[in-house]
Amino acid sequence: MNKDIISGKWSQLKGKAQAKWGDLTDDDFKVAEGNAEYLSGRLQERYGWAKDRAESEVREFQKDLSKDYPDHH
């Protein structure tokens with residue numbers, strides 16, 4: 001999983017992530033600080049998703065972000 005986009009632009013992206021996954025708390029996002037693996041784990045816990053689904057959600061989020069930030073692959 002490519003973490004560059006999420007970790008490199010976390011302060012700008014946090015709002016988009018909060019809009020997408022409203023069940024995550026401000027504390028979840030503060031602790032995550034752009035860590036895709038942590039974010040995936042929190043999605044599993046909050047939404048009751050399997051690991052594969054949570055990782056897929058984070059990958060799709062990153063894929064969408066790569067359109068906004070094409071210099072990070």
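Mentor: The buried residues of helix 4 are Ala 36, Leu 39, Ser 40, Arg 42 and Leu 43. Around the axis they span an arc of only 165 degrees, which places them on the same side of helix 4. Please bear in mind that this is a predicted model. The opposite face of helix 4, turned away from the buried side, bears Glu 37 and Glu 45, both exposed.

Helix 4, which runs over residues 36-47, packs against helix 5 at an angle of about 130 degrees, and the two axes lie 8 Å apart. Helix 4 is therefore oblique to helix 5. The crossing of helix 4 past helix 5 is right-handed. On the helix 4 side of this meeting are Ala 36, Leu 39, Ser 40, Leu 43 and Gln 44, and on the helix 5 side are Lys 51, Ala 54, Glu 55, Glu 57, Val 58 and Gln 62.

The partner, helix 5, comprises the 18 residues 51-68 and reaches 26 Å from its first C-alpha to its last, close to the 26 Å expected at 1.5 Å a residue. Buried in helix 5 are Ala 54, Glu 57, Val 58, Phe 61, Gln 62 and Leu 65. These residues cover an arc of only 130 degrees around the axis, which puts them on the same side of helix 5. Asp 52 and Lys 67 are exposed on the other side of helix 5.

Asp 28 belongs to helix 3, residues 26-32. Its relative accessibility is 4%, and Asp 28 therefore counts as buried, the cut-off being under 20%. Apart from neighbours within four places in sequence, Asp 28 is in contact with Tyr 38, Arg 42 and Arg 46. Of these, Arg 42 was named above among the buried residues of helix 4. Asp 28 and Leu 39 are separated by eleven residues in sequence, while their C-alpha atoms are 7.8 Å apart in space.

Methods:
Residues numbered from 1 in each chain as written. Predicted model: local features only at pLDDT ≥ 70, side-chain atom pairs only at ≥ 80, totals over all residues. Heavy atoms only, no water. Helix = DSSP H or I, 4+ residues; strand = E, 2+ residues; numbered from the N terminus. Expected span 1.5 Å × (residues − 1). Buried < 20%, exposed > 50% of the residue type's maximum accessible area, 1.4 Å probe, protein only. Arc of directions from axis to C-beta. Axes fitted to C-alpha atoms, helices over the stretch in contact; angles between N-to-C directions. Parallel < 35°, antiparallel > 145°, perpendicular 65-115°, else oblique. Left-handed = near helix turned anticlockwise from the far one by under 90°. Contact = heavy atoms within 4.5 Å.
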